[in-house]
Amino acid sequence: FFLMTFKIVAGIIKPIAPIITIIQISQMVWGLIVNAIAVGTFFTTGNCQIQSITVYAAIVMYASYFYLFGQLFLEAHGAAGKNKKKLARELSRKISEAVTASSEEVSKHLKVN
C-alpha cells in the first residue's frame, strides 16, 4: 500500500498486489502451522524449548494477520464498485488497530506474570 501512494509506481505494483497479498496470507498460514507444531510438541513430549507467552503471542499475531490479510484480499477483489483509496485507508487502519491491540494485550499479560 505504501508504494501505491506514488502514482509512478502504482501502475507497476497494482497488477502484482494480489500476488503479494496471497504470499502474505500463506506466510501467516505457515506461521500458524509452525506454532501449532511447537505447542503440540511442548504439550506431548515437553522437548520443545518455547516459552508459553512467546508462542501464544505469536499465535495471536499470526491469526490476526491471517484474518486481516484475508479480509483485505476479499474486500479488494469483491468490491469492484468501491473507492479503492478509501478501502486501502480503512484496511490500513484496521491492521494498525489490530497490531496496537495485540501489543497492548501482550504487555498486560507480561505485567501480570
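Author: A cavity is a set of grid points where a 1.4 Å probe fits but cannot get out, and its lining residues have an atom within 4 Å of a point. The model discussed here is predicted.

Reader: What secondary structure does the chain have, and which pattern does it follow along the sequence?

Author: The secondary structure comes to 4 helices and 0 strands.

Reader: How many cavities of 30 Å³ or more does the structure hold, and what is the volume of the largest cavity?

Author: The structure holds 1 cavity of 30 Å³ or more. The volume of the largest cavity is about 30 Å³.

Reader: Which residues line the largest cavity, and which elements give two or more residues to the lining?

Author: The lining consists of Val 39, Phe 42, Phe 43, Ile 50, Ser 52, Val 55 and Tyr 56. The elements that give two or more residues to this lining are α2 (17–44) and α3 (52–78).

Reader: Which residues make the nonpolar surface patch, and which helix gives the most to it?

Author: The patch covers about 470 Å² and is made by Val 29, Trp 30, Ile 33, Ile 37 and Phe 66. With 4 residues, the element that gives the most is α2.

Reader: Is Ile 37 buried or exposed?

Author: Ile 37 is found in helix α2 and is one of the residues of the nonpolar patch. Its relative accessibility is 53%. Because the limit for this class is over 50%, Ile 37 counts as exposed.

Reader: What is the C-alpha separation of Val 60 and Leu 32?

Author: Val 60 is found in helix α3 and is partly exposed, with a relative accessible area of 47%. Val 60 and Leu 32 are 28 residues apart along the chain. Their C-alpha atoms are separated by 9.1 Å.

Reader: Is Gly 70 buried or exposed?

Author: Gly 70 is found in helix α3, and its C-alpha atom is 6.6 Å from that of Ile 25, 45 residues apart in sequence. The relative accessible area of Gly 70 is 18%. Because the limit is under 20%, Gly 70 is buried.

Reader: What percentage of the residues of the chain count as buried?

Author: The chain has 113 residues. Of these, the share that count as buried is 24%.

Methods. Residues numbered from 1 in each chain as written. Predicted model: local features only at pLDDT ≥ 70, side-chain atom pairs only at ≥ 80, totals over all residues. Heavy atoms only, no water. 1 Å grid on protein atoms, 1.4 Å probe; cavity = no way out; pocket = protein on both sides within 12 Å on 5 of 7 lines; lining within 4 Å. Points joined across faces, edges and corners; volume = space filled by probe spheres on them. Patch = residues over 30% accessible without salt bridge, like charges linked within 9 Å, V, L, I, M, F, W, Y side chains within 5 Å. Areas by Shrake-Rupley, 256 points an atom, 1.4 Å probe, with all protein chains shown as cover. Salt bridge = Lys/Arg side-chain N within 4 Å of Asp/Glu carboxyl O. Buried < 20%, exposed > 50% of the residue type's maximum accessible area, 1.4 Å probe, protein only.
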